[in-house]
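Subject: Structure for you to look at

Hello,

I am passing on the structure we talked about. Please open it alongside the notes below.

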Amino acid sequence: MNILIVGSGGGGGGNAAAGGVGGTGVVILRYSSAYTITITTATGSTATDGNFKVTTITAGTGTVSFA
C-alpha cells in the first residue's frame with residue numbers, strides 16, 4: 001500500500017505569541033484492488049487504476065479498514 005498525506009503546517013509564533021494552526025490536508029491511499037476499503041465518518045472517493053484502487057480522503061476524522 002502507498003500512503004500520501006498532503007497539507008500545510010502551522011505558522012511559527014514569536015515573542016510569546018502562539019503559532020498559527022495548520023491548513024487542511026488530504027490523504028491518498030493506493031492499494032490492491034483485491035481489497036475493499038471502509039471509511040467511517042470521513043469524506044472520500046475511490047477510483048480504480050489498473051490492478052489498484054486509489055482512495056482520496058478530503059475531510060473528516062474516523063476509521064479506515066480493509067477487507
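The notes start with the whole protein and then turn to one residue.

This is a predicted model, in which local features need pLDDT of at least 70, side-chain atom pairs count only at pLDDT 80 or more, and totals for chains, interfaces and linings use all residues. Residues are numbered from 1 along each chain as its sequence is written, and side-chain values use heavy atoms, leaving out hydrogens and water.

The protein has 0 helices and 6 strands (DSSP runs numbered from the N terminus: H or I of at least four residues for helices, E of at least two for strands). From the N terminus, the order is β-β-β-β-β-β. Of the 67 residues, 9% are buried (under 20% relative accessible area, with a 1.4 Å probe and protein chains only). Among contacts (heavy atoms within 4.5 Å) with a separation of 6 or more, 39% are between residues 24 or more positions apart.

Thr-55 sits in strand E5, residues 52–60. Thr-55 counts as buried because its relative accessible area is 0%. Its side chain makes polar contacts (N or O atoms within 3.5 Å, one able to donate a hydrogen and the other to accept it; residues adjacent in sequence count only if both atoms are side-chain atoms) with the side chain of Tyr-31 at 2.7 Å and with that of Thr-46 at 2.8 Å. Beyond four places in sequence, the residues in contact with Thr-55 include Val-27, Ile-28, Leu-29, Ile-37, Ile-39 and Ser-45.

Regards

Key
Buried means under 20% relative accessible area, exposed over 50%, partly exposed in between (1.4 Å probe, protein chains only).
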